[in-house]
Amino acid sequence: TPSALTQSPEGEREPAWSPAGGKIAVTSDQGSAGSTEIYIVNVTDDGEALGAAAQATDADRSSYAPSWSSDGRFITFASDRTGDGDIFTMDGQGNNEQLMTIDDQDAEDRRPGFSPDGRWITFVSNREEGTFQTYVIRNNGTNVQRITLNPRVDVSAQFRPRSLTE
């Protein structure tokens with residue numbers, strides 16, 4: 001039976017379960033209309049919320065599209081706080097934010113996600129030729145590499161999860 005985990009009148013979207021299942025990162029505009037922030041909801045093994053959602057990001061503009069590392073230690077997300085969409089990381093409690101896509105020449109970087117080993121972040125960007133393509137970047141913000149040359153627009157990308165036998 002579905003049950004609400006959050007109670008804000010604005011609503012939440014883009015839920016991302018932590019790998020161990022004890023937390024959900026969500027995007028919400030409950031703190032300020034017109035811009036969004038990322039909140040973390042603690043959840044019991046039975047799927048019940050443990051208290052109110054805790055605000056993890058606090059920027060002048062929007063933060064959105066959270067995604068957890070496979071070990072649950074980090075969250076990557078997009079934010080337009082620098083004037084265009086950029087990729088950030090923070091720890092699983094919402095601290096120690098780090099900008100990953102520093103020199104992107106006003107490109108829109110979107111839809112980040114960690115590789116299964118946590119060493120890479122995939123994202124889509126219009127940084128070359130104005131068409132959204134898929135890129136990867138090291139988890140320390142270095143070594144950006146374009147990995148698609150698609151005549152159409154890439155909307156999102158994800159790494160294949162590790163097999164259950166690894």
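Predicted model: local features only at pLDDT ≥ 70, side-chain atom pairs only at ≥ 80, totals over all residues.
Residues are numbered from 1 along each chain as its sequence is written, and side-chain values use heavy atoms, with hydrogens and water left out.

Q: How many helices and how many strands does the protein chain have?
A: Helices (H or I, at least four residues) and strands (E, at least two) are DSSP runs, numbered from the N terminus. Along the sequence the pattern reads β-β-β-β-β-β-β-β-β-β-β-β. The count is 0 helices and 12 strands.

Q: What is the radius of gyration of the protein chain?
A: This value is taken over C-alpha atoms, and the globule rule is 2.2 Å times the number of residues to the power 0.38. For 166 residues the rule gives 15 Å, and the chain comes close to that, so it is as compact as a globular protein of that length. The C-alpha atoms fill a box of roughly 45 × 45 × 30 Å along the principal axes. The radius of gyration is 16 Å.

Q: What percentage of the residues in the protein chain are buried?
A: Buried means under 20% relative accessible area, exposed over 50%, and partly exposed in between (1.4 Å probe, protein chains only). The chain has 166 residues, and the buried share is 41%.

Q: What share of the contacts between residues at least 6 apart in sequence join residues at least 24 apart?
A: A contact means heavy atoms within 4.5 Å. Take the contacts in the protein chain between residues at least 6 apart in sequence. Those that join residues at least 24 apart make up 31%.

Q: In what order do the strands of the open sheet with edge strands E1 and E4 lie?
A: Two strands pair if DSSP finds at least two bridges between them. Strands of a sheet pair through backbone hydrogen bonds, either parallel or antiparallel. Here the pairing is antiparallel, and the edge strands E1 and E4 (54-55) each pair on one side only. The order is E1-E2-E3-E4.

Q: Which residue in E4 stands opposite Ile40?
A: Strand E3 (residues 37-42) and E4 run antiparallel and are joined by 2 bridges. Opposite Ile40 stands Ala54.

Q: Is strand E7 largely enclosed or open?
A: Both faces are covered: Asp86, Phe88 and Met90 are buried on one side, and Ile87, Thr89 and Asp91 on the other. In E7, 6 of the 6 residues are buried, so the strand is largely enclosed.

Q: Which residue takes a positive phi in the hairpin of E6 and E7?
A: Strand E6 (residues 74-79) and E7 run antiparallel, with 6 bridges between them. Phe74 stands opposite Asp91 in E7. The hairpin has 6 residues between the strands, and the one with a positive phi near 110° is Gly83.

Q: What is the bridge partner of Phe88 in E8?
A: E7 and strand E8 (residues 98-99) run antiparallel and share 2 bridges. In their hairpin, Gly94 takes a positive phi near 90°. The partner of Phe88 is Leu99.

Q: How many residues of strand E11 are buried?
A: An open sheet has the order E9-E10-E11-E12, with antiparallel pairing. Strand E10 (residues 120-125) joins E11 through 6 bridges, with Ile121 opposite Ile137. E11 (residues 133-138) is largely enclosed by the rest of the structure because its buried residues number 5 of the 6.

Q: What is the volume of the largest pocket?
A: On a 1 Å grid over the protein atoms alone, a pocket is an open set of points where a 1.4 Å probe fits, with protein on both sides within 12 Å along at least five of seven lines; lining residues have an atom within 4 Å of a point. Grid points are joined across faces, edges and corners, and a volume is the space filled by probe spheres set on the points. The lining has 25 residues, with Ser67, Trp68, Gly113, Phe114 and Gln158 nearest the centre. The volume is about 560 Å³.

Q: Which strand gives the most to the lining of the second largest pocket?
A: This pocket has a volume of about 170 Å³. Its lining has 14 residues, and Phe74, Thr89, Met90, Phe114 and Asn139 are the closest to its centre. With 3 residues, the strand that gives the most is E7.
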